[in-house]
Structure formats: structure tokens, C-alpha cells
Amino acid sequence: MGTMDTVTSGKYHFLAGGGETGELIRHYPWENTVLGPVDQWPQPLKTCIRIILTSGQPMFVWWGPELISFYNDASRILAGSKHPAGIGQPARTVLKTRWEQIGALAEYTLHNNVGTCNEALLFFTERNGYLQESYYTFSLSPIPGNNGVPEGILCTVTDETDRIVQARQMKTLQDLTTFNLNSRRIQDVYIHSLLALRENRHDFPFAVFYETDQDTHLKGYTADDLPEAAFPRSVTLTDENFHWPVAEVLRSHRMAQVQQLREKPWQLPAGAWEQAPDQAVLIPVIHHFTNTLYGVLIVGLNPYRQPDDAYLAFLRQVGDQLAAAITSAGTYVAHQFRDLFRQAPAAIMLLKGVDDIVEVANSRYHHLLQGLPAALYTCDKAGRILWFNQAAATLWGREPMIGHDMWCGSWKIFEPDGITPVPLDTCPMARALQQGEAVRDVEIVVERPDGTRRNVQPYPDPIFDEEGRVAGAVNMLIDITELKMTQAHMSRLAAIVESTDDAIISKTPEGIISSWNPAAERLFGYTSEEVTGKSILILIPPDRTAEEKEIMDQLTKGISVDHFETQRVAKDGRLIDISLTISPLKDAQGRLIGVSKIARDVSEQKKLFSALQESEARYMQVAMEMEAIVAQRTRELTEANFYLEKSNKELEQFAFVTSHDLQEPLRKIHTFAGLLCEAGGPALDATSRVYIEKMMISARRMSQLIHDLLNFSRLNRTEDTFVQTDLNEVIAHVLNDFEVTISQKKALVTIDALPAIQAVPLQMNQLLYNLLGNALKFTAEDRTPEIRISSRVLPEDALKNYPELDHSRSYYEITVSDNGIGFNQVYEDKIFQIFQRLNNRTAYEGTGIGLALCNKIATNHKGCIRAVGQPGEGAVFNVVLPVM
């Protein structure tokens, strides 16, 4: 049996629309499947299919023991390569890669007649020609059959990809901060940061950091097991066997991408995925304001994420946060060195005068002083600058003149507000020399000649000679711009924790609560003081204490717990439905040091879900009842229509037979009356001739009446075809029929251009024939008959005069006007009724059917007819017909 579009057949309107998948469902040969022909489908199935075809959200309907699949356009991305063949196939085939999880839920939903949910399932979907990781939550609701027992499932799908990826990235940025809290050496920052990235194996399958020095030498650090051939631990930029464009990144200060890694002769780690990355990105780690390059971070890219702007922006953030951590560690080192510097002989030599700079330059301290990341400079007791290192010149954005510039090499100095200027002779270095004591806990803003600014913390210390007099001072300038940015970032994170609607709780591995945000207080009713230091078990119902051990077992194995739905106990004893997301907190060595829990109250969601299920059940019940009523009414209408069609056919046959049987004796009456008149000749007296003529006239009128009645009855036929009909051609034929009458009456007939419309040509001929014949029949004897036939597109404002028409369509108005005897307007409705006449039959011939025929034809064409008359002046007939 061939397929067909069931909607265009006019039988199954619940399958209408739905785009591509709707078209596929309509043309699928369902009669060859276990579901059988569409007209045998149960009403709940039809209702749910209608729901998904009209929804913009991904939705599936699975029906029957095999869970035959229906889905909408929004779900095509989930069907993947199974589309379009997935329509009509078992759900386990369409969602094969995740059916192990979804199938178990589906079975539970059907057997227990309850809704279920599987949150954030991983799918690999094709987006923009690229296979990407996607996360979807599947909500399954049972669909009852006609007997009330679940026979199918309505599955609603929510895209969770952005939320999952953003949460993962946020945790990485938090880990970079947490892992480096106690980093004191710069090398510690490298290792701890790489360990933090290793926590996110999805976005960082591997990571390597190459530290640069003053020449072309690179030193590599990694927390991954990487092949030496790909990532040598020590290498120079000029080494031909070094395959990474580190030199280009160092020169341009821009990220670079390397592709086709799988074609390289190395075996690279795959991270959290089954296949290794094919692309990597080189990220310059830069102190942005001093433009100092610390090194280059090389990371493997997630093979299932396109390196779009969002991904690359996240990688830039990682590079910036690593740079801030290195700067912070460098500051700590500089603090330590400052104390050494104050006691070193080199410091005294720097203060003796300009000539002794040569001695320092040749000393073993020179390389150490110049290579420090912290800015250092010295002044004599008068405040003249005697020496500075390169870091100081970079911070100031200029090189001061030795022995000439006073107090500080800065172009301008401001208070921390960035507005209030600080005169150089009152700067911290000047105060240290003037007061003879160290200056602490001061922050200034340094402005460079190019207008850029840096937040700086100065540490000026006076240097005393052998007699205890101030001989000069040494100042270390710590650039805290990145530190302040990091603090601001941490403040924002803290604000998020404080302001979020989700309860965020931290606990030790032993289950002791260590932190408790305001949302947790609102959710559970305990204040932070009440629960901090207590066991997490105060929140767990007695029958769910085993969950905590299971959760800790998963975390110990490195498995995060996402969207675990359970119940917890509030302070007042209420049970609260919550969804838990639980992550391990680890130190730099990867040891579990705590647990972070995010608890979301899903009580309202549960209530809404239950209400939705109840609503769906009620809707299904009402739909089934309505369908039964509709089916009953349809059967009654079908039966009535059958008998009506049968009756119409019988009436048509009766009309044909009757017209033939009536016409035959009338023809004989007319014929024999004529023969009698001719045969009698002179023998017939005048009275006899009058009687015979009246008999013949009555026979002709009766014959015309039967002819008109037959035409009127045939207007009800549905098999007449609407075609493009040119009314100019139709009126030409009608004029030809009335040629003799027009000539006899010397009538002036004017025909304007008429339109072409979709119509039944024979009926248009009858319409114009009767209207023109009517005008020629009812002419006035005292003037020449004038008849005009014209047309126009009916203006929108004129449509209000025709309330029975569809005002969303356009219409032509065809007008037939004459200057005949007219009629009284009160009889407008009467003239369109069958057998109704306004004039004497002897004066004007007719059967009283012509205008009724016109009215019927106009109605058949979704139009109407109106008449306007004035006794003694004429009449106007307006026929309104659709443009299309």
C-alpha cells in the first residue's frame, strides 16, 4: 500500500504542521508497523503527537511495547545520524548511545506509572558541522492508553550544555586560586596551577608550562604523563626538533593554535574523553602592565568543543590568573630579598655615590638585583636616585637620570583613589629619609608617561652609616595591580556564594560542616554559628544516612555527584526535596581536604511536576471523552451524510425522470393544439382560437418552468469543477443569445472590462444570462432601454455592507444596472426567493426562478448578491465574488 499525506487527505488533522518531522510522520507507512493504520491509533497517542508537533522544545513520544519513536524538529539534533530514519523506529535504536540510562528510566516509568527524570546526560551532537559535547535532561511522563494502563511515554528534553560547561569553567578558575593560596615559590605556582587544570580533564586533556629566561632557553613543567619527544623538559627555541610555535607566541604576545595533533608521532593523553585532542592552544602568560612574559602555557583542547570565542576567552582567563599567581609569588620572594638587601654590603656601596655604581655592576649581586621581578631603587640622604633595576624602570615607564631625579622615578603619583596627587617630596621614600624610619601600610597609584596606571605598595627603608646617621634609603615597589584584580575576583566569587539562591555548604572529609552561606540558612533554618563545627548528619534523615557514605566513596574515586535528588531535614523537622551537586576539594598534591555541596530546593519543581502529571492525566481523560463524543457525532454525521447523498441522487434522478415525463405530454399538448388550430382553419370561431392559443401559451410556460426548476436543482451538485473563468468570454456568449431581443427593443448595452475568477463556467453563464435577461424583460415603454455591466475590486470599507462574507479575503463587485421599471426596495429579499414575482405575469413573462438561481450561484461561489431599486427609474444588481 502506497504512502500518502494524511493531512492533505483531510482525515487526520492532529498530524498537521511540525516542519520536516511532521512531513515524515505524515508520509510514513504506519500500516506496515506494529502501530497499524493511523485511523486505529488510540486517542492519547494522537493527543501527544499533536503536542510535540506544535512545541518548540525537544520532545519525543514513545509508544507500544517496542517504544516506537515520534519526535519533533527540535529533537533532530539528538537523533543525530539516526535522523530521518529514526521516525517509526524503536527508541533504543534512535537513542542507542544513551539508552542504557534512559531505557532503565523508561521501563520504570511504564511499570510504575510515575514520572522520572535523568539530568544532564552527555550526548555528542553535530552543531555547525562539528561534533560537540552536549548535556540534556530527560523528563519522562507515562501516557495512558484507552484502558488507563500506561502504553507510552511523553519525553521532554531540556538543553543543559551551557550550564554544565560554565560550572566546570568556574570551578577551574576557583581551583587555580585555591591551589595557589600557599604557593611561596614561583615554581610552586607552576606545579599547583597545572594540578588545578588537571582537575578539569574535559577542557584540559593535557597541559604544559614552559618558563622563559633572559635567553632562548625554556624549562618545561607538567602534571601529566607526556612523551619527551613532544614536550622536552628542557629545550631552546632554536631546537629544530621542538615542534611548538612558542617563539611566535613570545614575539606576538598572542595565542596560537596547533592542529592535526593526531597525525603526529606521539601518543597524547585523552583526558576525560575516549579520543585524544586534535588541537592545542599556546597561551602567553604575561604580566600585562609591565608586559613581562613569564612563559607559555600549552593546553590540549577539548575534542568535542569548537574553539569559539567563548572557549578562547576562558583560556585567556586561565592565562591571566596564572600570571597573577606568579606575580603574587614573585612579590613574596621580593619581600624576602628586601630584608637580605638591607643587610648586604652591596646596599652600602650603592649609597656611597655615583662612582661606586661600577663596583656594584662588577659584583656578584648585579645579576641577582637586575633579575628580580620586584622594582628596587636607592637614594642618597638628599633624595637623589643613585641606582634602579630594570623592573623599576618598567614599572615607572621611564628611566630616571641618575644623581638628578629626586625621591622617585615615577612620572606622577596619586593617592589610592586615583584622583588626589601626591607631591614627590612627600612620597613614601621622601618620608623615610626625612623621618629616618621605615614606611609601611601605604598604597599609591603610579602613572606612566603613556597614561597607564599601576597600583603599587612601596616599602622604603632608611640605611644608616656607622655613626647611626641616615646615609640613604632603599625602596622596593611591589606592583599589586594583579593582586587587587585577584582580590576583586575573589570578592565577586564570595558575593556570588553569599547572594545565590542555592545553599552552598562545605564540610571536611569526616563530615564536619566548615562553611554555610545565607541561602543555606534560609533553606534549612540554621544559622552559620549553629551548624559550623557540627556533623552534616543533622541535615540527613535517619533512613538516608547511607547516602553520605556512598557519596564519599564516589568522591574518593574522583567522581563528582551531579543533580542527585534526595531529601534533607530542616531545623523545624520539615523534609525538603533538594537536588545536590557535590564536588571534592583537593590540595595541590591532589589529596581530598573537603567537600563542597550545592543544594537546590526542588520542592516547588516537584509540586509543579506532580501538578503537570495530574493536569496531563485530566487532559488525557477529557481528550478521550471528547474524542469519543466527536467519534459518535462523526459516525452520526457520516450516516446522515450517506442518506443525504443517497436522497440527493434519488432526487436528481427523480428530477430528470420527472422533467422528461412532464415535458413529453406538454410537447404533445402544444403540438396537437397547433395541429387542431391549423386543421380547424376557418371552421373555428374566434372564441375557440383564443382557447387554443391560451392552452399553447400555458404549455410553453409550463415547459420553461420545468426547465428552470431542473437548472435550480442542479446547482447543488458538488462535482462541478472550479476553473479559471474569463467573464468577458462568458458575457460575449450571453450577448449573442440575446442578440434578437436587444435588436427588437433597440436597447443600448454597455459592457466594461470584466475580471477572470475561479468559478464554474456554466453557472457564470446562467448568472449573467438571467441578470441581463431580467434587465431586458423589465424595460420601461417611455424610454430607450440602457443596460450597463461593469466591475471593480471591492474596497475594504465597503465590506462592512456584506457581513456574511469572509473579511480576510478580497472580492470583485460585478454590477448590472438598467433604467427599466425598477422595484420598491422593501421587496429586495422577496425577489431572490423562488416563485416570487412583483409584476403581472401577463405583462412580463417569467417563472419566478431566475433571480433565485442567481442568488444560489453567488452563494455557491462564496459570494452574495444585492439589489437596489427605485420604481420607475431602474434597478442595480451587485454580485460580489471572491478574487481567488
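## Cysteines

How many disulfides does the structure hold? In this predicted model, the number is 0. Take Cys379, for example, which is in no disulfide. Its nearest cysteine sulfur belongs to Cys427 and is 7.8 Å away, while a disulfide needs two cysteine sulfur atoms within 2.5 Å.

Is Cys379 buried or exposed? Its relative accessibility is 0%, so Cys379 counts as buried. Cys864 has 5% relative accessibility and therefore counts as buried as well. The cut-off used in both cases is that buried means under 20%.

## Helices α21 and α23

Now for a pair of helices. Two packed helices are described by the angle between their axes and the distance between the axes. Helix α21 covers residues 727-737 and helix α23 covers residues 761-777. They pack at an angle of about 50°, and their axes lie 9 Å apart. The two helices are therefore oblique to each other, and their crossing is right-handed.

Which residues of α21 and α23 make the contact? From α21 come Leu727, Val730, Ile731, His733, Val734, Leu735 and Asp737. From α23 come Met764, Asn765, Leu768, Tyr769 and Leu772. Sorted by class, the residues of this contact are 9 nonpolar, 2 polar and 1 charged.

## Helices α6 and α7

Here is another pair to find in the picture. Helix α6 (residues 161-179) packs against helix α7 (residues 186-198) with an angle of about 150° and 9 Å between the axes. Because angles over 145 degrees count as roughly antiparallel, α6 is roughly antiparallel to α7. The crossing of α6 and α7 is right-handed.

On the α6 side, the contact is made by Thr172, Asp175, Leu176 and Phe179. On the α7 side, His192, Ser193, Leu195, Ala196 and Leu197 take part. How do the residues in the contact of α6 with α7 divide by class? There are 5 nonpolar, 3 polar and 1 charged.

## Asn774

Let us return to helix α23, where Asn774 lies. Why does Asn774 count as buried? Its relative accessibility is 14%, and buried means under 20%.

What does Asn774 touch, if residues up to four places away in sequence are not counted? Its partners are Leu851 and Phe877. So in this predicted model, Asn774 is a buried residue of helix α23 that touches Leu851 and Phe877.

How values were computed: Residues are numbered from 1 along each chain as its sequence is written. This is a predicted model: local features need pLDDT of at least 70, side-chain atom pairs count only at pLDDT 80 or more; totals for chains, interfaces and linings use all residues. Side-chain values use heavy atoms; hydrogens and water are left out. Buried means under 20% relative accessible area, exposed over 50%, partly exposed in between (1.4 Å probe, protein chains only). Axes are lines fitted to C-alpha atoms, for helices over the stretch in contact, and angles run from 0 to 180 degrees between N-to-C directions. Helices (H or I, at least four residues) and strands (E, at least two) are DSSP runs, numbered from the N terminus. Angles under 35 degrees count as roughly parallel, over 145 as roughly antiparallel, 65 to 115 as roughly perpendicular and the rest as oblique. A crossing is left-handed if the near helix is turned anticlockwise from the far one by less than a right angle, and right-handed if clockwise. Contact means heavy atoms within 4.5 Å. Ala, Val, Leu, Ile, Met, Phe, Trp, Tyr, Cys and Pro count as nonpolar, Asp, Glu, Lys and Arg as charged, and the others, Gly among them, as polar.
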